[in-house]
Amino acid sequence: MNLVAGIDLGGTAINYTVLDPDGRFLIETLCEYPARSKEGPDICLRQIVEGLDAAASCAGVSAGDITAIGLDTPGPASADGVLSAEGSTNFVHEQWAGFDIRGGLERLLRKPVVYLNDGNAAALWGHVAIFGPATTATSVSAIIGTGLGGGVITEGRVVKGRKGFGGELGHVLIPYSAIASIDGLIPRCNCGRIGDLESLCSLTAIEQSLLPYFLERYGDHDLARMSSRHDAAKLVRGLAETGDRMCLDIFRVQAHALGLFFDEMINTFDPDALIVGGGALETKEAFQRWFLNEVRAGMPAQRKEQADIPIHVMPNGDTAGARGAAIEAKRHASSVGGKTRVVR
Ligand SMILES: [Zn+2]
C-alpha cells in the first residue's frame, strides 16, 4: 500500500499523521513524539525517524508501506527546506544554520521528502478540509500562535514565493491606528516593523504590547500582580473566555487587527474563504464565534458582492500542520506519476 506520512516538527513535540491512497487520515487525533530540535540536526533527525515508526504502529500500518513524507517546520527556511543561516527560536543549535532539513531527512529515510513551512502546511490543510482535494479555490489562513503564521492558497496551491517566504502574513503592515481604544500604543514586532499583523495579533503581541498597555488602564487587575509577564500573557485567553473585561479588550484588538489584515487580503485576492487557526482559537465554540464576529466588526465595509465572505475556524487545528504536509507529499507523489525519484 502506498501511504504518505505528514511530520510536523514543532518546538517541543513532533506531530505525525498517515494518509492512505483514498485520502483518509489513519490517525484521528494527536500522535506526538518529543522533539529534540535544540540538540542539533543529528539527534533531531534520528528522533523524527524513531517517532515515525511509532506513528506507523499508531496508525496500524507498517513503516515500510510509507512511500513519501511531507515535513513541515517553523521557518525561516527556503521553499525547499534549507533553514535560515540566521537561526530561529526552534533551531538554536549552531549546526542548524543553513541546514537542509528536507534533504537530511530524505537521506536518512531513503524516501522522498517534500517541505512546507508550518504556516503554509496548516493553511493547505484548512483549505483542503473546506474545499476538498481537487479544488481550484483561493483562501487565506492566519494562524495565531506565539507568532502569526499562515498561508495563501490560490487555485488550490500553496504560494511559496521566490525564496520560500510566501505567506509570511505576520509581517504585513496594517493600518493599526484605525483600531479603536489603543491611542498611544506602539506595537513593535520582533522583526523590527511597527504595526504589522504579528505585532498586534499573537501571544508575543499580548506579552510585549497589549498586556502592558491594558494593565496601565486596569491597574487593579489580578494579572498586574504577577511577576512574570510571560506567564500572565498565557492566561489572557482563558480569562477572556470567562468574560474578563480587560482580556476581552485585548482579544478585541487582536480580532480587529485581523479584520484590517483580511480586508487587505480580500482586496488583493478576492478569496473564497478566510480561515483562522492557532492556539488563540483553541477555545469553546461560543468564544470562537465571538472572536470571528469581532474580526468582521474590525473589517472596513466591504463591497456588496464580497460582504458575505466566509470566515472559518481551522478544522482539527492541532493536527493541521502534519495533515497539510501529508497532502503536499501525496500531491507530489501523484505528480511524479509513480516514477521512483532518485534519493541520494
Ligand atoms: Zn513582524
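In this predicted model, Gln47 is found in helix H1. Gln47 is buried, since its relative accessible area is 7%, and a residue counts as buried under 20%. Leaving out residues up to four places away in sequence, Gln47 touches Ile14, Tyr16, Tyr33, Pro34 and Arg36.

Helix H1 covers residues 41-59, and its 19 residues should span 27 Å at 1.5 Å a residue. The end C-alpha atoms of H1 are 26 Å apart, which agrees with that expectation. The buried residues of H1 are Pro41, Cys44, Leu45, Gln47, Ile48, Gly51, Leu52, Ala55, Ala56 and Ala59. The cover over these buried residues includes strand E1 (3-9), E2, E3, strand E4 (66-73) and helix H2 (101-109). Just after H1 comes Gly60, which takes a positive phi of about 75°.

Strand E1 contains Ile7. The relative accessible area of Ile7 is 0%, so this residue is buried. Ile7 and Ile48 are 41 residues apart along the chain, and their C-alpha atoms are separated by 8.1 Å. When neighbours within four places in sequence are set aside, the contacts of Ile7 include Ile14, Asn15, Tyr16, Ile48, Leu52 and Ile69. Leu105 and Ala325 are also among the residues in contact with Ile7.

**Helix H8**

Helix H8 (residues 320-335) has 16 residues. From its first C-alpha to its last, H8 reaches 22 Å, close to the 22 Å expected at 1.5 Å a residue.

| Helix | Number of residues | Expected span | Distance between end C-alpha atoms |
|---|---|---|---|
| H8 (residues 320-335) | 16 residues | 22 Å | 22 Å |

The buried residues of H8 include Ala320, Gly321, Ala322, Arg323, Gly324 and Ala325. Also buried in H8 are Ala326, Ile327, Glu328, Ala329 and Arg331. The buried residues of H8 pack against E1, E2, E4, strand E5 (113-117), H3 and strand E8 (157-158).

**Aromatic rings and charges**

The structure holds eight aromatic pairs. One of them joins Phe25 and Trp125 in an edge-to-face arrangement, 5.4 Å centre to centre and with 90° between the planes. Phe25 lies in the loop between strand E2 (13-19) and strand E3 (32-34), whereas Trp125 lies in helix H3 (residues 118-131), so the pair ties together parts that are 100 residues apart in sequence. Both partners are buried: Phe25 has a relative accessibility of 15%, and Trp125 has one of 7%.

Elsewhere, Arg217 lies over the face of Tyr213, at 3.6 Å from the ring centre. A further group, made up of Phe251, Phe287, Trp290 and Phe291, forms one aromatic cluster.

**Cavities**

Rolling a probe the size of a water molecule over the atoms shows where empty space is left. By this rule there are three cavities of 30 Å³ or more. Which residues line the largest cavity? Its lining consists of Arg188, Cys189, Asn190, Glu198, Ser199, Ser202, Thr204, Ala205, Gln208 and Ser209. The volume of the largest cavity is about 50 Å³.

Note on methods:
Residues numbered from 1 in each chain as written. Predicted model: local features only at pLDDT ≥ 70, side-chain atom pairs only at ≥ 80, totals over all residues. Heavy atoms only, no water. Phe/Tyr/Trp six-rings, centres within 6.5 Å; stacked < 30°, edge-to-face > 60°. Helix = DSSP H or I, 4+ residues; strand = E, 2+ residues; numbered from the N terminus. Buried < 20%, exposed > 50% of the residue type's maximum accessible area, 1.4 Å probe, protein only. Lys NZ or Arg CZ within 6 Å of the ring centre and 35° of its normal. Expected span 1.5 Å × (residues − 1). Contact = heavy atoms within 4.5 Å. 1 Å grid on protein atoms, 1.4 Å probe; cavity = no way out; pocket = protein on both sides within 12 Å on 5 of 7 lines; lining within 4 Å. Points joined across faces, edges and corners; volume = space filled by probe spheres on them.
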